[in-house]
Amino acid sequence: MGIFQKTKNAFKCVLCFPIAFTVLYFTSPSLRILIGLLPMEKCSLESAEMLSLDNRVDASLKLWSRRDVLTCTTWKAPVIWEGMFDSNLYDQFHKQKGTSVALTVFAVGRYLDAYLNTFLNSSERHFMLGLPVTYYVFTDMPEKVPDIKLGPQRSLKVIKVEKHSRWQDISMMRMRSISDIIESDIRHHSTHIFCFDVDQVFTGRFGPEALGESVALLHAYYYRLPKRFFTYDHNPKSKAYMETGDFYYHAAIFGGSWRSVKALTEACYQSIMEDKNHNVEALWHDESHLNKYFWLHKPSRVLSPEYCWDPDIGYRRDIQVTRLQWAPKHYETLRRS
């Protein structure tokens, strides 16, 4: 075997190692416990007044009330954890400001029957209570959307979408659908928007402290790992290609002002289509493109894994409350054609 072939094979092994480690991490409880013991970096700011503030209430954040976790980024955005904020201050500020929130969720194929009812009902108990909220449910079966009893100032709109044969295409094409509905509807009625995967359940307060100009979420399985284990797309042919980044973000939740989310979804969709034109598909589909976008356009607010936690990870001392949890996954039946 020539030196070129040996080098090529060695390079392939290096690229495959983070993926192999991730598979082991997801399937090994003992390894997840050990990962939970790794220390996190600490915020370098002395007080919240040094943050790049999304709003004036952010100056009240107690960055050093959580000495066990990272509470700010290098670009001075807050990382929101339990114990850092006064919920009443955020509730009052956004009510007085007239904040309104759109929530988008896709329930296509078997996902509608499996998850949508629980997702919506749990949202009514925990998501942005006291603020006007409009649900935008994207589905290929509008007639099967459950009749949910909604609270005051809350409404639901159903948008019919095409059902793709591959779940990967459903995942990636949502970027275009979200951009389109922002342009045609959301921007006229809501100041902010959050985009969710449907296979999740709200379990605690998910309030206005999460609102910002551009909001990203730390992935529950990666937030304590060294960066070399982040599974960015390392294929130079893909528009999602990254050598390194700041964090590994979870595409199950992202949000911000309608302008910021429209910019994000348009950029991700354009990158996805460029990849398709070159017969390329990013490693983790729309999540890979989302990570690339947030690497180039830093989020103004980062949510801790409290805002999307997988109970299968097990006990973590730093997770003092869970606000949204992964629902049990049944991919072998849900993703079947």
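Q: What do buried, exposed and partly exposed mean here?
A: Buried is under 20% relative accessible area and exposed is over 50%, with partly exposed in between (1.4 Å probe, protein chains only).

Q: Thanks! What kind of model is this, and how are residues numbered?
A: It is a predicted model, where local features need pLDDT of at least 70 and side-chain atom pairs count only at pLDDT 80 or more, while totals for chains, interfaces and linings use all residues. Numbering runs from 1 along each chain as its sequence is written, and side-chain values use heavy atoms, leaving out hydrogens and water.

Q: OK, what's the mean pLDDT?
A: The protein chain has a mean pLDDT (the predictor's confidence in each residue, from 0 to 100) of 90, and 85% of its residues reach 70 or more. Residues 1–15 have a pLDDT below 50, and beyond near neighbours in sequence this stretch makes 3 contacts (heavy atoms within 4.5 Å) in the model.

Q: How many helices and strands are there?
A: The protein chain has 8 helices and 10 strands. They are DSSP runs numbered from the N terminus: H or I of at least four residues for helices, E of at least two for strands.

Q: And what share of the residues is buried?
A: Of the 337 residues in the protein chain, 55% count as buried. On the contact side, take the contacts with a separation of 6 or more: 75% of them come from residues 24 or more positions apart.

Q: Now the core. Which residues touch the most other members of the largest nonpolar core?
A: Those are Phe127, Met128, Phe194, Phe196 and Phe206, in a core of 102 residues. A nonpolar core is a set of buried Ala, Val, Leu, Ile, Met, Phe, Trp, Tyr and Cys residues joined through side-chain atoms within 4.5 Å.

Q: I'm curious about Met128. What is it in contact with, outside four places in sequence?
A: Its partners are Val101, Val133, Arg154, Phe194, Phe206, Gly207, Pro208, Ala210 and Leu211. Two of these, Phe194 and Phe206, are also named among the core residues that touch the most other members.

Q: Let's switch to Thr139. Where does it lie?
A: Thr139 is in strand β3, which covers residues 133–139. Thr139 counts as buried because its relative accessibility is 0%.

Q: What surrounds Thr139, leaving aside neighbours within four places?
A: Thr139 is in contact with Ala107, Val108, Leu112, Val145, Val158, Ile159, Lys160 and Val161.

Q: Why does Gln153 count as exposed?
A: Because its relative accessible area is 56%.

Q: And His285, what is its phi?
A: Phi of His285 is near 60°, again a positive value in a residue other than glycine. His285 is in the loop between α6 (258–277) and α7 (286–296), and at 10% relative accessibility His285 is buried.

Q: On to charges. How many salt bridges are in the whole structure?
A: A search finds 21 salt bridges, each being a side-chain nitrogen of Lys or Arg within 4 Å of a carboxyl oxygen of Asp or Glu.

Q: Which residue pairs with Asp113?
A: Asp113 forms a salt bridge with Lys144, with the closest N and O atoms 2.8 Å apart. Asp113 is in helix α4 (residues 110–126) and Lys144 in the loop between β3 and β4, so the pair ties together parts 31 residues apart in sequence. Asp113 is exposed at 52% relative accessibility, whereas Lys144 is partly exposed at 37%.

Q: What about Asp246 and Lys298, how far from N to O?
A: Their side chains meet in a salt bridge at 2.6 Å. This pair links distant parts of the chain, 52 residues apart: Asp246 is in the loop between β7 (214–217) and β8 (253–257), and Lys298 in the loop between α7 and β9 (301–303). Asp246 is buried at 13%, while Lys298 is partly exposed at 34%.
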